[in-house]
Amino acid sequence: MHGETNQMKNDFFADLAFSELSSDELFWEQIYKSAFQDIACIMLNTAGKSLSQNLGIDRIIHLKSGKTLYIDEKKRRNKYNDIILERYSEYSNGDRVAGWINKDLHIDYLAYAFMDTKEVYLFDWQTLRRVWNTNRTKWDRAYRNIGAKNNGYTTFSIPIPINVLLEAMQNAIIIKLPALPPTKTPLNFA
């Protein structure tokens, strides 16, 4: 299936309006209060095209412990059996820009929501990136690329089945070093 691309048509402004629905604030608050027991403050980053938005920060959570968490939120209207990882965008002039999975975002978590079922997958960002970098070639061969046309550019993403992604995430949290060869102990004749 390598190289196969399905095309969809997106309306950037409709999608942006959907992602910023104020009616979803109670939903997100409930999600984060369930995930993080010691929340002191939850803030929505509404800075528009700011540096923090470019770094992926949609939500800032301050914990009572003093730790601050940065979260990127992705929403899909309906439940699917996959998580779409955005690889890159290509503009009509030929410029190509890394998609969010290929960017060094300044976030702790990626919150991926299916709004119709009120279900959120909360991925540790560093683990998700490690999983992507380890499996990207295999997944590119196994799953089709999806092109979504926007106003002046097209995003290209790869849908990873949820069970495949969760298994890879589970395996990625186990770090096992290869066995080290035996070392020669120097003889000490002193």
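How many bridges join β7 to strand β8, and in which direction do the two strands run? The views below take up this question and two residues, all in a predicted model.

**View 1. The pairing of β7 with β8.** Six bridges join β7 to β8, a strand that covers residues 119–124, and the two run antiparallel. One place to look is phenylalanine 114, whose bridge partner in β8 is glutamate 119. Together β7 and β8 make a hairpin, with four residues between them. In that turn you will find lysine 118, which has a positive phi of about 55°.

**View 2. Aspartate 108 in its loop.** Here we look at the loop between β6 (96–98) and β7 (109–114), where aspartate 108 is found. Beyond its neighbours within four places in sequence, aspartate 108 is in contact with Thr68, Leu69, Tyr70, Phe123, Asp124 and Trp125. Isoleucine 60 sits 48 residues apart from aspartate 108 along the chain, and the C-alpha atoms of the two are separated by 10.0 Å.

View 3. What does its side chain meet? A polar atom of the arginine 129 side chain lies 2.9 Å from the backbone oxygen of isoleucine 101. Setting aside neighbours within four places in sequence, arginine 129 is in contact with Ile101, Asn102, Lys103, Asp104 and Leu105.

Notes:
Residues are numbered from 1 along each chain as its sequence is written. This is a predicted model: local features need pLDDT of at least 70, side-chain atom pairs count only at pLDDT 80 or more; totals for chains, interfaces and linings use all residues. Side-chain values use heavy atoms; hydrogens and water are left out. A polar contact is a pair of N or O atoms within 3.5 Å; within protein, one must be able to donate a hydrogen and the other to accept it, and residues adjacent in sequence count only if both atoms are side-chain atoms. Contact means heavy atoms within 4.5 Å. Two strands pair if DSSP finds at least two bridges between them.
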